[in-house]
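Subject: Structure for you to look at

Dear colleague,

I am passing on the structure that we talked about, together with some notes on what was found in it. Please open it beside this message, so that you can follow each point on the model itself.

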Amino acid sequence: MVFPWKTRGIVLTAPLTHELDDVIKFIDEYLAPRGFNMLVMQVRYRYQFKRHPEVWGYDPLSLDDVKRLVAVCRKNNIKLVPKMNLIGHQSGFPNEPTDGILHGHNDTVGDIRDGLLRAYPDFDEQQGEKEINYARSICLSSKAAKIVVLELIDELMDAFEADTIHIGCDEAFNVGICPKCRQKPKGELIGAWINDINDHVKKRNGKVLMWGDRLLSAIETGYDRWESCDSDSHSALDILSRDIVICDWHYNKYDSYKSVDIFAHAGFKIMISPWRDKESLEAFVSYAKSHDKGHINGILMTTWCGSGDLAKRLLYGAGGKWCHTEQIASTINDIFGAE
Ligand SMILES: [Zn+2]
C-alpha cells in the first residue's frame with residue numbers, strides 16, 4: 001500500500017532478552033527494507049534503570065542490549081522511540097498472552113501490578129484495591145510519583161539516545177478515584193499531568209507522542225469505550241500543549257473516523273495507528289488520506305504480540321505463540337510487503 005506520509009512507524013514490544021538477536025535481525029532485514037523509519041519500542045519497566053532498580057519489570061533489558069537496538073536503528077536511519085505507559089496500564093493479567101510481554105509479567109510474578117506500583121504502592125490510584133485489572137493507574141495528584149516518572153523518562157531517553165518518547169496514556173479508565181483526585185475534573189487532572197511531562201521533555205529538546213483515546217468523546221465520535229471515553233476526561237484536549245503528537249489508534253471498522261477531523265480542528269499533529277484487521281486498517285487509512293489537513297505525520301502500525309514472536313514468524317515462518325500473531329504478521333506482510 002502506498003502512503004502519502006513521510007513517517008512509516010511500527011510499535012514493537014521490547015524483546016525478551018533471549019530473543020534480542022532475532023528482533024535485531026528483524027529490524028535490519030525485514031523492517032528497514034520495507035521502508036520503516038520509526039520504531040516505537042514498548043518498554044514499560046523492562047529496562048535496567050540504574051537510578052530506580054526497584055521498578056524493574058520482568059526480564060529487563062540492559063544498557064548494552066539497548067545500545068544494540070540503537071545501533072541497528074541508526075544504521076538503517078530508523079528513529080528509535082522508547083515507550084512507557086505513564087497514566088494507566090500499570091498492571092496486567094499474570095499470564096496473558098502466554099509469552100508474558102504485553103502486560104509486563106509472566107506467570108512467575110504473583111502480583112498484577114507493574115514495576116512502578118509494585119515498588120511504590122502509594123502511587124496507586126486505587127491503593128489496597130484487590131480487583132484483578134489490567135488498567136491500574138498512577139495517582140495523578142502524587143507529586144512524588146511525578147518526580148520518579150520524570151527521572152525514568154530521562155534515563156530511558158538517555159539510554160535510547162532518543163529525542164522523542166511515547167508516553168502511552170491509553171485506556172486510563174481508573175483516574176479521578178482517590179480522595180485528592182476526586183476533587184478535580186478528570187480532563188484537568190489528565191491534561192495537567194501530561195503537560196507537566198511534556199514541559200519536562202521539551203526542556204531537554206525532546207518531543208512527546210501519546211495515544212489519543214482518552215481525548216475523544218464516545219458520544220461525539222461513535223467509537224467504542226476503548227477507542228474513546230464516556231467520562232469527561234476528553235476535555236483534557238482543550239488544555240493540552242499543541243506540540244504533543246497524538247497517535248490516533250482505531251482497530252474497528254467505522255464509516256467515518258471523526259477523530260482525524262477533531263484533532264485537525266483542535267490544532268494537533270497526529271499519526272494514525274491501526275492494528276491487525278486488514279479491512280479496518282484499509283478503511284482507516286482511506287479516511288485519513290481523504291481528510292488530511294496537512295496534520296498527519298504518518299502511520300504507526302501497532303502489533304502487541306511479542307516482538308520476538310513476530311520476528312520469528314516473519315523471518316522464519318515460525319508459528320506465533322500468541323493467538324493474534326498470525327493475523328498481525330499477515331496484515332503487515334500484505335500492507336507493508338516487499339517494495
Ligand atoms: Zn489520586
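This is a predicted model: local features need pLDDT of at least 70, side-chain atom pairs count only at pLDDT 80 or more; totals for chains, interfaces and linings use all residues.

Residues are numbered from 1 along each chain as its sequence is written, and side-chain values use heavy atoms, with hydrogens and water left out.

I begin with the metal site. The zinc ion has as its protein donors E125 (OE), C139 (SG), C178 (SG) and C181 (SG), which lie 2.1 to 2.3 Å from the ion; donors here are N, O and S atoms within 2.8 Å of the metal (3.2 Å for Na, K and Ca), and since water is not among the atoms, sites may look incomplete. The angles among the four donor atoms run from 101 to 116°, and the site is tetrahedral, a term used for four donors if all angles lie between 85 and 135 degrees. Along the chain the donors follow the spacing E-x13-C-x38-C-x2-C. Helices (H or I, at least four residues) and strands (E, at least two) are DSSP runs, numbered from the N terminus. C139 is buried at 8% relative accessibility, and C178 is buried as well, at 14%; buried means under 20% relative accessible area, exposed over 50%, and partly exposed in between (1.4 Å probe, protein chains only).

Next come the helices. Helix α1 (residues 20–31) packs with α2 at an angle of about 15°, and their axes are 9 Å apart; axes are lines fitted to C-alpha atoms, for helices over the stretch in contact, and angles run from 0 to 180 degrees between N-to-C directions. The two helices α1 and α2 are therefore roughly parallel, the word for angles under 35 degrees. The contact (heavy atoms within 4.5 Å) involves several residues, including I24 and I27 of α1 and L69 and V72 of α2.

Helix α10 (residues 307–316) is mostly covered, with seven of its ten residues buried, among them L310, A311 and L314. These buried residues pack against β1 (7–13), α1 and α11 (325–336). Just after α10, G317 takes a positive phi of about 70°.

Finally, some loop residues deserve a look. Most residues other than glycine have a negative phi. R44 lies in the loop between β2 (38–42) and α2 (63–75), and D59 is placed in the loop between β2 and α2. R44 is buried at 4% relative accessible area, whereas D59 is partly exposed at 23%. In the loop between α6 (218–221) and α7 (236–239) you will find D230, which is exposed at 63% relative accessibility.

With best wishes

Terms used: Four donors count as tetrahedral if all angles lie between 85 and 135 degrees; four count as square planar and six as octahedral if opposite donors are over 155 degrees apart and all others between 65 and 115; anything else is irregular. Angles under 35 degrees count as roughly parallel, over 145 as roughly antiparallel, 65 to 115 as roughly perpendicular and the rest as oblique.
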